[in-house]
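Thank you all for coming; I would like to walk through one structure with you this morning. Please have the sequence and the model open while I talk.

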There are 2 protein chains.
Amino acid sequence: MARLVMKFGGTSVADIERIRRVARHVKREVDAGNQVAVVVSAMAGKTNELVGWVQEASPLYDAREYDTVVSSGEQVTSGLLALTLQNMGVDARSWLGWQIPFKTNSVHGAARIEEIDGSVLIERLEMNQVAVVAGFQGIAPDNRISTLGRGGSDTSAVAIAAAINADRCDIYTDVDGVYTTDPRIVPEARRLEHISFEEMLEMASLGAKVMQVRSVEMAMVHNVRTFVRSSFVEPDAPELMNTDQPIGTLICDEDEIVEKQVVTGIAFSKDEAQISLRRLEDKPGIAAHVFGPLSEANINVDMIVQNISEDGTITDMTFTVPKGDFERAKDVLEQARGNINYNMLQGSTDVVKVSVIGIGMRSHAGVASKAFKALADKGINIRAITTSEIKISILIDAEYAELAVRALHSLYGLDEK
Amino acid sequence: MARLVMKFGGTSVADIERIRRVARHVKREVDAGNQVAVVVSAMAGKTNELVGWVQEASPLYDAREYDTVVSSGEQVTSGLLALTLQNMGVDARSWLGWQIPFKTNSVHGAARIEEIDGSVLIERLEMNQVAVVAGFQGIAPDNRISTLGRGGSDTSAVAIAAAINADRCDIYTDVDGVYTTDPRIVPEARRLEHISFEEMLEMASLGAKVMQVRSVEMAMVHNVRTFVRSSFVEPDAPELMNTDQPIGTLICDEDEIVEKQVVTGIAFSKDEAQISLRRLEDKPGIAAHVFGPLSEANINVDMIVQNISEDGTITDMTFTVPKGDFERAKDVLEQARGNINYNMLQGSTDVVKVSVIGIGMRSHAGVASKAFKALADKGINIRAITTSEIKISILIDAEYAELAVRALHSLYGLDEK
């Protein structure tokens, strides 16, 4: 017997037929003797419809009213799933954010979770009642509904799992796990049995769309074992019955991963634009002069590379910004030119960031140099490099993206045997 | 300056364009210096959609989950109207049932109002903030959302008006007031300036579809002056600006009505079926034997006429039931025949109930006999008669319905001059 959280997204609950399918997944776990809390999103398309109305009503909307309107989508699904479960003979009830209560701060529209009292839910779970929790929503200190921002249902699920001390949080999604890289680019990509929180965080933020970055952070902080699995498999498929090892990827603490890989996966992001400032005066505070104005304009800077010049007076600086902010970033830097004193601004949106990720890197030297050599052998020019303890990110020309990902995937032995 | 409640139904808030129109009505009242609480229904069609999903999910549904799902419709509208008002420069916020709190009993799906704390709303109204209240919903003792039953938004509006001690509760609807009778049948029907609560109750329950019966009862109990008016008039029409007497009908205490009419209106209901039991043994308790089984079967009995026989041993009994319950009522009486001992059951769905209503009847004799004579003059046979202090109801053959209504309307001087 285990205590589980099961999370289903909008496409899994798009209509009553699909909600019935979700209910069968839930029933399977209940029948196996588990205590189950389910977290649901709004029916596919509903949130967009509601957001559309809000914007039509008031382009500069009050986020408190936005939350009141948009949170209704998950409210509907939670009630419908509870009803469907009841109709299958499974005891169930819906829980709205304010009923739990699922307390957040007062930043309506993008609230942070403050405190979740899991005691009432635990009480019901122990009576073998399924708790169907409306995802994405909470209650703010002003006694009004808050929402966690788009895609917040993953975060809700992980937070509920932490609050009720669940053994596992199952994220049912349209893929059957986390892969070593995007299988559309590398057909040999393998599904990972395990991935550590930190690796997943890098994979998620670098473009693998499986889970929201924030929910992985939450899982890491609260050490919630999170299992990514397919919602498309038949709920009563033989391989799901009486098994502790369904198909999927477990995101967990690295201590739980016995056989650590040096490299776990190759991620890439096409949402990067490169900006280079040439012949800057290399004086103290120059970085602040460059990045201060960008930060004020709410532009996120990612990779930053600065080369010192031979005589220490003139330098070049390269960094990346999200593609959508490229033009705005150039404008900001143009206006700040008086303070920055650069000779030339060069930029390109025709770049891609490829990343090699693995907690094993910590204890293995030479991972980076192998990558550089492999790319050089393919004739791929490296525009910028940044590294952290568990990843190496390399900025290259966009046209080489697939070639580089395939080369690195093969290089580190990730191809399926 | 006055404190107003304004209520708008589903067709008035069917889309953002219509919500904007409603907002203009609200803004007019705010600009005139009034404190305003608005009560809104769900967008037209939404409640049916939600109810449909509930029934699809579980034919025998849990009313608590029904309430969770269905109440979302009003939640959405309240947020959207608040946003629209803000966008017009009017300070406004939405209020959900649990936020006020709008306390009801625990009969989910058809809850009765227990207590509404108006203090928080009053506080905001006095700060000139418009309160946009989600109609139809409250919070039950189990801390879950309750709903008042279909059409409950009228009741919500009147209850909110009572709680905040409003000067008037304006019900915006698709007609511009309460008429002496249905103008589709009698083109000479006149809009009433005033009608007393009791008269309106009779008019409403006898088939005038303007307001829910329950909301009129609530208005009567709490003495809420309720004004029925058109939502189709342009919100900034000249006749609505700077006037204390817009077009509509005020439902109020009879003391407020200076010039009392003997007859205020003629109502009629086609939703009646007649059942006659012939040659019943006339012994004590016979009525209980007839109506007990009907009551147990949840069949409402309306007009009841019992004639005593010459020798006091055999009687006939006639009564009406809703048309939809006719076949069921006959079955029930057939099964109870052993206890009731009637000789024959006759019935007809081809009947109509016509009612003459007026508080002036209390002090005027002869109203009824005038009606009987007028119907006789037209050759209309009377099947049954019941009377109360302020109304006379007459059951006749359905084919004479329009003729009878027109005759009575003219008889009591109700035709427009």
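This is a predicted model: local features need pLDDT of at least 70, side-chain atom pairs count only at pLDDT 80 or more; totals for chains, interfaces and linings use all residues.

Let me start with a question: is B:Asn165 buried or exposed? B:Asn165 is exposed, because its relative accessible area is 62%, where buried means under 20% relative accessible area, exposed over 50%, and partly exposed in between, computed with a 1.4 Å probe on protein chains only.

Residues are numbered from 1 along each chain as its sequence is written, chains are lettered from A and ligands numbered from 1 in the order in which they are written, and side-chain values use heavy atoms, with hydrogens and water left out.

Back to B:Asn165, which sits in the loop between α6 (152–163) and β9 (168–173) of chain B; helices here are DSSP runs of H or I with at least four residues, strands are runs of E with at least two, and both are numbered from the N terminus. Its phi is near 55°, a positive value in a residue other than glycine. As background, most residues other than glycine have a negative phi, and most peptide bonds are trans. B:Asn298 also has a positive phi, near 60°, and is found in the loop between α9 (286–296) and β15 (304–307) of chain B; B:Asn298 counts as exposed because its relative accessibility is 66%.

On the peptide bonds, B:Ile100 and B:Pro101 are joined in cis, with omega near -10°, and B:Pro101 belongs to the loop between β3 (92–95) and β4 of chain B. In chain A, the bond joining A:Ile100 and A:Pro101 is cis with omega about -15°, and A:Pro101 lies in the loop between β3 (92–95) and β4 (102–104) of that chain.

Turning to strand β4 of chain B (residues 102–104), we find B:Thr104 there, and this residue counts as buried because its relative accessible area is 2%. The side chains of B:Thr104 and B:Ser146 make a polar contact of 2.7 Å, meaning a pair of N or O atoms within 3.5 Å, of which, within protein, one must be able to donate a hydrogen and the other to accept it, and residues adjacent in sequence count only if both atoms are side-chain atoms.

Now to the annotation: UniProt, in an unreviewed entry, places the feature "binding site" at A:Thr47 and A:Glu74. A:Thr47 is in helix α2 (residues 46–57) of chain A and is buried at 12% relative accessibility, while A:Glu74 is in helix α4 (residues 72–87) of chain A and is buried at 3%. Leaving aside neighbours within four places in sequence, A:Glu74 is in contact (heavy atoms within 4.5 Å) with residues including A:Thr47, A:Phe136 and A:Ser153. A polar atom of the A:Glu74 side chain also lies 3.2 Å from the backbone nitrogen of A:Ala42.

Next, helix α9 of chain A (residues 286–296), where the buried residues are A:Ile286, A:Val290, A:Phe291 and A:Leu294. Why do they lie on the same side of α9(A)? They do so because they cover an arc of only 95° around the axis, the arc being that of the directions from the helix axis to the C-beta atoms. A:Ala288 and A:Glu296, on the other side of α9(A), are exposed.

Finally, chain B has an open sheet of four strands in the order β13-β18-β20-β19, with antiparallel pairing, where two strands pair if DSSP finds at least two bridges between them. Strands β13 (265–269) and β19 (382–387) of chain B stand at the edges with a single partner strand each, so one side of each has no neighbour in the sheet. Five bridges join β13(B) to β18 (residues 351–357) of chain B, and B:Ile266 has B:Val356 as its bridge partner in β18(B).

Terms used. UniProt positions are given in the numbering used here, feature names are shortened, and annotations may be inferred rather than shown by experiment.
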